[in-house]
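Biologist: I would like to go through a few places in this model, one at a time. Please show it first.

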Amino acid sequence: MSFTILGTGKAVPEYVMTNDELSTMVETSDEWIRTRTGIEERRVCKSETLTDLTVTAAKAALEDAGITAAGLDLIICSTMRGENITPSQGCMIQKELGADCPAFDVNAACSGFIYALDIADGYFVRKKVKHVLIVSMDNLSNITDWTDRSTCVLFGDGGAAAVLGEGDDLLSINITAKGDDRVLIIPHGSNSSPFYEHEEKKAVLHMMGNEVYKFAVKAMADGITKSVQDAGLALSDVDCVIPHQANIRIINASAKNLDIDREKFFCNVQHYGNTSSGSVPLALDEASHSGFIKKGDIIAMCAFGAGLTTGSCVIRWNK
Ligand code: ACO
């Protein structure tokens, strides 16, 4: 197809919030969170802004790829909420890097990284770019209801970036959306108009966990199966799966449904919780730098999130 991943880089806030600390804020326990989700700790922004994190990840990815910001032809930032309504987070990253290229944001919640890869694919196919920077980052701590134990234990801040160059290592990619504001929604929560007649909703995450769980397990299996088929491969050809890091039980159930060896699934949900669109590239970056994946590996990536959206793809790792 169109691109290869030249480099990746991550950024997470310094502050580590443990399950025990959360247990002092809401009625929960380390044992409940570990057994129901696999999460042990997460990172939470204190001094860091979203711009700090996105720029740190972008610089790390550029260094890993061995190119400078001057060589970028496009910047796509995947985030549910940039630091400002406008300028876009992509433009903030472009400014801080000193790059000279178009930049914009995409919002597909936790599937955002795969959506961004799909958009970038189109630019490469049309030969409009040679190098694209994708930064996927969310700081969910600022839209978390810290009094709601059923959601606040699940999320964390952080993400990662990837630099793409021309190549043929994208073997297949699929994105889907099924519009639904019932099972998972984060309202805007601010409307300055004195004329608006609708009730203001609180800008925090509302989720029907069980519904998302069922959707997620099916979406992961369906997405990976379709993308592997589209790549002309069999599930047994997959060397590594980079799944969205939402809940270890969703990952385990997906491995079982797909009949892919559980050992092939990279997991870091225990350290970061669900970082939304940051999740898949953060896992990819750690899988790359820890040696979990190696040159020539066939990697399946899969995500699901609010929207409801899904994204899956198969790439050949060429680093
Ligand atoms: N601590 C202790 N007890 C809790 C907690 C908590 N933190 N949260 C819920 N409980 C209680 C509930 O009140 C319930 O009690 P009850 O039986 O007395 O009513 C009990 O634990 C079981 O609750 P369930 O919701 O049935 O627990 P479940 O096993 O389904 O796990 C969870 C809940 C972890 C949310 C799971 O459903 C899940 O992971 N869902 C998917 C969420 C997800 O992946 N979201 C990603 C999208 S996010 C995005 O796109 C931004």
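Biologist: Is Ser-2 buried or exposed?
Modeller: This is a predicted model, and Ser-2 lies in the segment before β1 (3-11). Its relative accessible area is 7%. Buried means under 20%, so Ser-2 is buried.

Biologist: Which residue's side chain does the side chain of Ser-2 join in a polar contact of 2.4 Å?
Modeller: Leaving aside neighbours within four places in sequence, Ser-2 is in contact with several residues, including Phe-124, Gly-165, Leu-170 and Asp-121. The polar contact of 2.4 Å between side chains is with Asp-121.

Biologist: What is the separation between the C-alpha atoms of Met-17 and Arg-43?
Modeller: Met-17 is in strand β2 (residues 16-18) and is buried, at 6% relative accessibility. Not counting residues up to four places away in sequence, Met-17 touches Arg-42 and Val-44, among others. Arg-43 is 26 residues from Met-17 along the chain, and their C-alpha atoms are separated by 6.0 Å.

Biologist: Which strands stand at the edges of the open sheet formed by four strands?
Modeller: The order in this sheet is β8-β13-β12-β11, with mixed pairing. An edge strand has a single partner, so one side of it is left without a neighbour in the sheet. The edge strands are β8 (170-180) and β11 (240-243).

Definitions and conventions: Residues numbered from 1 in each chain as written. Predicted model: local features only at pLDDT ≥ 70, side-chain atom pairs only at ≥ 80, totals over all residues. Heavy atoms only, no water. Helix = DSSP H or I, 4+ residues; strand = E, 2+ residues; numbered from the N terminus. Buried < 20%, exposed > 50% of the residue type's maximum accessible area, 1.4 Å probe, protein only. Polar contact = N/O pair within 3.5 Å; in protein donor to acceptor, adjacent residues only side chain to side chain. Contact = heavy atoms within 4.5 Å. Pairing = 2+ DSSP bridges.
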